[in-house]
Amino acid sequence: MDQGGRPGPAGKRLFLSYASADRARVAPVVEVLTAQGYTVWWDRQIAGGSAYAREIEAALNACDIVVVAWSAASVESDWVRDEAAYGRDHRRLVPIGLDRIEAPLGFRQYQIVSFTGWKGDPASPAVEQLLAALRTPRAKSDPVPYAAPSPLRRV
């Protein structure tokens, strides 16, 4: 549901992952997505006294899509990398790029919607590309299975 209690497009709930240094840059993205009817969770919704890790984990588990805002600051954030890994491993990742940077290892094989130089225009090509990516059907899934390497045998 959106902030007015109405369901978002196809009932999709988004988790926005970003570096706190980029808060002012992602706030307009939240506004655009909310105006489109999406329910957007971001850390501005964590109430005082709440345990960050528990709140974030609950929000990740409840979301349909993890939108990761890659920037010079976010590629250095362990929190953002963890949240992005959750999205990737559950096949729910949609990355956007705030800066012209290379995504961290493990995320370079995903197309990034460029928001470099975006000035907040809700009719911009960047927003249209993001909305198209969000409309792409995604099935919630269990994490991609991890196969531990087999122990080395001496011969």
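A residue counts as buried when its relative accessible area is under 20%. By that criterion, buried residues make up 42% of the 155 residues in this protein, whose structure is a predicted model. The protein contains four helices and five strands, and from the N terminus on these elements follow the pattern β-α-β-α-β-α-β-β-α. Among contacts between residues at least 6 apart in sequence, 67% join residues at least 24 apart.

**Sheet architecture**

- The five strands form an open sheet in the order β2-β1-β3-β4-β5, and their pairing is parallel.
- The edges of the sheet are taken by β2 (39-41) and β5 (113-114); each has a single partner strand, so one side of each is left without a neighbour in the sheet.
- Strand β3 (residues 65-70) runs parallel to strand β4 (residues 93-97), and five bridges join the two.

**Strand β1 and Ser-17**

- Four of the five residues of β1 are buried, so this strand is largely enclosed by the rest of the structure.
- Ser-17 is located in strand β1 and has a relative accessible area of 0%, so the residue is classed as buried.
- With neighbours within four places in sequence left aside, Ser-17 is in contact with Val-67, Val-68, Ala-69, Val-80 and Glu-83.

- Helix α2 (residues 52-62) lies across β1 (13-17), β2 and β3, and its direction makes an angle of about 135 degrees with β1.
- Helix α3 (residues 78-89) lies across β1, β3 and β4, and runs at about 140 degrees to β3.

**Largest pocket**

- The largest pocket holds about 290 Å³ of space.
- Its lining consists of 17 residues, and those nearest the centre of the pocket are Tyr-18, Asp-43, Tyr-52, Ile-56 and Glu-83.
- Elements β1, α2 and α3 each supply at least two residues of this lining.
- By class, the pocket lining comprises ten nonpolar, three polar and four charged residues.

**Largest cavity**

- A search of the whole structure finds one cavity of 30 Å³ or more, and the volume of the largest cavity is about 30 Å³.
- The residues lining the largest cavity are Val-29, Val-32, Leu-33, Phe-115, Val-127, Leu-130 and Leu-131.
- The elements giving two or more residues to that lining are α1 (23-35) and α4 (125-135).
- The lining of the largest cavity has seven nonpolar residues, with no polar and no charged residues.

- Arg-91 is placed in the loop between α3 and β4.
- The phi angle of Arg-91 is near 55 degrees, a positive value in a residue other than glycine.
- For context, most residues other than glycine have a negative phi.
- Arg-91 has a relative accessible area of 48% and is therefore classed as partly exposed.
- Ile-101 is found in the loop between β4 and β5 and is likewise partly exposed, with a relative accessible area of 30%.
- Not counting residues up to four places away in sequence, Ile-101 touches Trp-70, Ser-71, Ala-72 and Val-75.
- Ile-101 and Thr-116 are 15 residues apart along the chain, and their C-alpha atoms are separated by 9.8 Å.

Definitions and conventions: Residues are numbered from 1 along each chain as its sequence is written. This is a predicted model: local features need pLDDT of at least 70, side-chain atom pairs count only at pLDDT 80 or more; totals for chains, interfaces and linings use all residues. Side-chain values use heavy atoms; hydrogens and water are left out. On a 1 Å grid over the protein atoms alone, a cavity is a set of points where a 1.4 Å probe fits but cannot get out, and a pocket is an open set with protein on both sides within 12 Å along at least five of seven lines; lining residues have an atom within 4 Å of a point. Grid points are joined across faces, edges and corners, and a volume is the space filled by probe spheres set on the points. Ala, Val, Leu, Ile, Met, Phe, Trp, Tyr, Cys and Pro count as nonpolar, Asp, Glu, Lys and Arg as charged, and the others, Gly among them, as polar. Two strands pair if DSSP finds at least two bridges between them. Contact means heavy atoms within 4.5 Å. Axes are lines fitted to C-alpha atoms, for helices over the stretch in contact, and angles run from 0 to 180 degrees between N-to-C directions. Buried means under 20% relative accessible area, exposed over 50%, partly exposed in between (1.4 Å probe, protein chains only).
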